[in-house]
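Let us read this structure step by step. Look at the model first, then follow the dialogue.

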Amino acid sequence: MILDVFASPAIRSYSAAAGIIAGGAAIGGILFFLLLPTLIVIPMSLSETNYIEFPPRGLTLKWYSAYLSDPDWMAATWFSLRIALATTATATITGTMAALAIVRGCLPFRTALQALALGPLIVPHIVLGVALYLTFSPLQLTGSFLGFLVAHTVLAIPYVIITVTASLQRFDPTLELAALNCGANRLQAFFLVVLPNIAPGVAAAAVFAFLASFDEATVAFFISDVGGKSIGRKMFEDIDFNLTPVIAAVSTVLVATSLLLMGSVHLVNARKPRP
Amino acid sequence: MTNFISRSRSHRLSFRRLSSYSARFYSLSTSIVLATPLIAALAIGFLYPVLKLFALSFSGGTLAYYRRIVAEPLHLAVLTGTVQVALVVTVASLLLGFPVAYLMARLSKGPATVVAACVFIPLWTSVLIRSYAWVTLLQRNGIINELLIDTGVTDGPLKLIYTQSAVILAMTHVLMPFMILPIYSALRALPADYVRAARNLGAGSLRAFVAVTLPLSLPGVFAGSVMCFVLALGFYITPALVGGPGSMLMATLIGQQTTVLLDWPFAAALSTVLLAVTLLFVLLFRRTLSLSKGLNSVY
């Protein structure tokens, strides 16, 4: 076959060297392309000028102080933070209970329920955003804490269910049987035996729920309102109408939060032996 | 084998005999109680709004809004344009992402972690922030234009942003991790012995790759491609920020109809079409997608 030509020794050594150099450069370029946008917000938030320069002219923290002293930005940040924390609580509890019912319950419609629970993952966020906006609008729920909570819980639940289901399936059911054998009832067995064992999975699910709410931009864009604006909506508006490096400062804070949270989940789960 | 394993002390009115088999499962009433919050949340926040949207698209009892989609050339162009862009983005992600996935699967622990970090860091960054970064990179006085002018490649700033190419570039960047991870899973599952056996039988490394590795990685390629394509169809944030009026996609059209033109039944019709196409692809390829939907590979 023609490819066997490449197997001859002389061509192999030259082409190997050239291939490695070219391939390395190409791969390096692709990896740089992947990292560039995430990393670029950091120098941008510290740059003295309104636009980024190379080499940078000066370092300053003025964009961060502008962010922290701006009432609109702070209101949006606290709003998003409160919603994300509330969503984490509701989504983790609801999702864990549902995962228990799916994995360890005897529901006749279990498969359908699981498919439906993953629905928000499949439906494009734009469709969900528009649907929720049209539903909330006549009920005056746009920009409200409750509206956001409902919307973000629905978005976060699939992640919780997937994670906790995987965790439960790795959990040995005979441990719970042993607890029941020793006289515990179902509730005690759950809190004293099952929960401590699936705790890493539930913790990971909680992080996913938090980020699903905090980082979410599309649905939050549509159900935001003058009365309640998420940080995503505020960023979107400012990118369109008020492009300053304050956005870069906000972005750096958000990126640091996401990376810290996801990094810790990754580290915690990497230490566990995986089947 | 039936053993009286537990006589629940706190439920004197209804103790149940549990066998070592039935004790593995919660009772029906418990299961229903556990599943109720989920059903309530989905009903209120998911099913009702989507069904309401669906109903709104038929308001007036006619298919008029659907007819508008195919009748007016502008809207039809948006539909075909969206599919085109999604295809281009998928192919670009595949071409750029496959080498990265291959590297991740083949390198030793240390370097592989570095490459994995390069894939996970953008994945864990919010789409909004990445799109913002692209806006600043591509704008008139952005870094890329500055670099081109400083090195003398061009005289004046090029119009890089608010074009179709900018949208494709930014979307490829955002969707690449979704292409890389399924391919990585497929390549990881491939035993290294297969390639060694091929080399042992006389194949050069290129031939071994083409004849052994490539075909066996196809399930991952397929899963990643479907995932990328489906995600690209419904993308809103990136095209809305990076694209201009000349490169309108389905999602941005829906957004415009909803917030600017306030033509809600038409927006509902467009959304239903988008949802139908997405569901079609997901159902057609649900078995291949199961390779990539598992979040085991995401963290």
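Predicted model: local features only at pLDDT ≥ 70, side-chain atom pairs only at ≥ 80, totals over all residues.

**Domains, fold and interface**

Residues are numbered from 1 along each chain as its sequence is written, with chains lettered from A and ligands numbered from 1 in the order in which they are written.

Q: How many residues of domain 1 of chain A are in contact with domain 2 of chain A?
A: Contact means C-beta atoms, placed from the backbone, within 7 Å. Seven residues of domain 1 of chain A are in contact with seven of domain 2 of chain A.

Q: What is the secondary structure of chain A?
A: Helices (H or I, at least four residues) and strands (E, at least two) are DSSP runs, numbered from the N terminus. Chain A has twelve helices and zero strands.

Q: What radius of gyration does chain A have?
A: The radius is taken over C-alpha atoms, and the globule rule is 2.2 Å times the number of residues to the power 0.38. A compact globule of 275 residues would come near 19 Å, but chain A has 25 Å. The C-alpha trace of chain A spans about 70 × 65 × 35 Å along its principal axes.

Q: How many residues of chain B are in contact with chain A?
A: In chain B, 78 residues are in contact with 78 residues of chain A. Helix α1 (residues 28-57) of chain B gives the most to that side, with 18 residues.

Note on methods
Contact = placed C-beta atoms within 7 Å.
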